[in-house]
Amino acid sequence: MMQLVAYTDGACSGNPGPGGWGALLVASKDGAVVKERELKGGAPETTNNRMELLAAISALEALERPSKLTIVTDSAYVKGGITAWLHGWKRNGWKTATRKPVKNDDLWRRLDTAQARHDVEWEWVKGHAGHPENERADALARAGMAPFKPKR
């Protein structure tokens with residue numbers, strides 16, 4: 001059976017500051033990699049959380065047809081938001097439990113829409129801990145940020 005995993009990461013130089021996101025999509029069958037796809041992008045003035053969200057959104061939006069996949073992120077913000085907080089935010093009119101507007105609600109709404117057509121399992125891994133695919137996603141995020149960083 002084919003297995004699809006998207007490893008996602010965001011990076012920022014300063015927070016806010018120039019930022020980048022990266023996603024590594026890996027399709028495997030019987031434990032052997034069949035296909036990989038690398039995605040990356042960035043913005044001149046953003047936050048780390050926005051880049052983490054855009055990495056997951058971009059991975060989901062890149063899939064041409066509804067798919068079953070696992071998204072692996074090192075962002076507790078993304079995993080917590082999508083698996084635990086999103087339902088309450090929507091129920092409360094995009095307000096937090098303390099009645100404040102949800103930060104990055106534009107991207108949370110986009111992520112909610114992007115994941116709706118897929119069967120997604122969310123997994124958290126510790127960042128910068130030697131996880132090979134997470135390190136590749138981090139490298140893609142840094143590459144996505146590079147065009148927006150001031151030249152020294």
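Guide: Let's start in helix 4, where R142 and D138 sit 4 residues apart, about one turn of the helix. Helices here are DSSP runs of H or I with at least four residues, strands are runs of E with at least two, and both are numbered from the N terminus. Before we go on: this is a predicted model, where local features need pLDDT of at least 70, side-chain atom pairs count only at pLDDT 80 or more, and totals for chains, interfaces and linings use all residues. Residues are numbered from 1 along each chain as its sequence is written, and side-chain values use heavy atoms, with hydrogens and water left out.

Visitor: What makes R142 and D138 a salt bridge?

Guide: The term asks for a side-chain nitrogen of Lys or Arg within 4 Å of a carboxyl oxygen of Asp or Glu. For R142 and D138 the N to O distance is 2.9 Å, so the pair passes.

Visitor: Why is D138 called buried?

Guide: Buried means under 20% relative accessible area, exposed means over 50%, and partly exposed is in between (1.4 Å probe, protein chains only). D138 has 7%, so it counts as buried.

Visitor: Which residues is D138 in contact with, leaving aside its neighbours within four places in sequence?

Guide: Those are D9 and H128; contact here means heavy atoms within 4.5 Å.

Visitor: How many salt bridges are there by this rule?

Guide: The count comes to 8. One of them joins E38 and R136, with the closest N and O atoms 3.1 Å apart. E38 lies in strand 3 (residues 32-46) and R136 in helix 4 (residues 132-145), so this pair ties together parts that are 98 residues apart in sequence.

Visitor: What does the salt bridge between D106 and R50 tie together?

Guide: First the distance: the closest N and O atoms of D106 and R50 are 2.8 Å apart. D106 belongs to helix 3 (residues 105-116) and R50 to helix 1 (residues 48-62), so the bridge links parts 56 residues apart in sequence. D106, with 40%, is partly exposed, and R50, at 23%, counts as partly exposed as well.

Visitor: Now the backbone. What makes the bond between N15 and P16 worth a look?

Guide: A cis peptide bond joins N15 and P16, with omega about 15 degrees. P16 is in the loop between strand 1 (2-12) and strand 2 (17-29). As background, most peptide bonds are trans, and most residues other than glycine have a negative phi.

Visitor: Which value does phi take at D30?

Guide: Phi of D30 is near 55 degrees, a positive value in a residue other than glycine. D30 lies in the loop between strand 2 and strand 3, and at 69% relative accessibility it counts as exposed. W94 also has a positive phi, near 60 degrees, and its place is the loop between helix 2 and helix 3.

Visitor: Why is W94 called buried?

Guide: Its relative accessible area is 12%, and the limit is under 20%, so the word applies.

Visitor: Stepping back, how do you know that the chain agrees with a compact globule?

Guide: The rule for a globule is 2.2 Å times the number of residues to the power 0.38, and the radius of gyration is taken over C-alpha atoms. With 152 residues that gives a value near 15 Å; the chain has 15 Å, so the two agree. The C-alpha trace spans about 50 × 45 × 30 Å along its principal axes.

Visitor: What elements does the chain have, and in what order do they run?

Guide: There are 4 helices and 5 strands, and from the N terminus on they run β-β-β-α-β-α-α-β-α. Buried residues make up 48% of the 152 residues. Among contacts between residues at least 6 apart in sequence, 67% join residues at least 24 apart.
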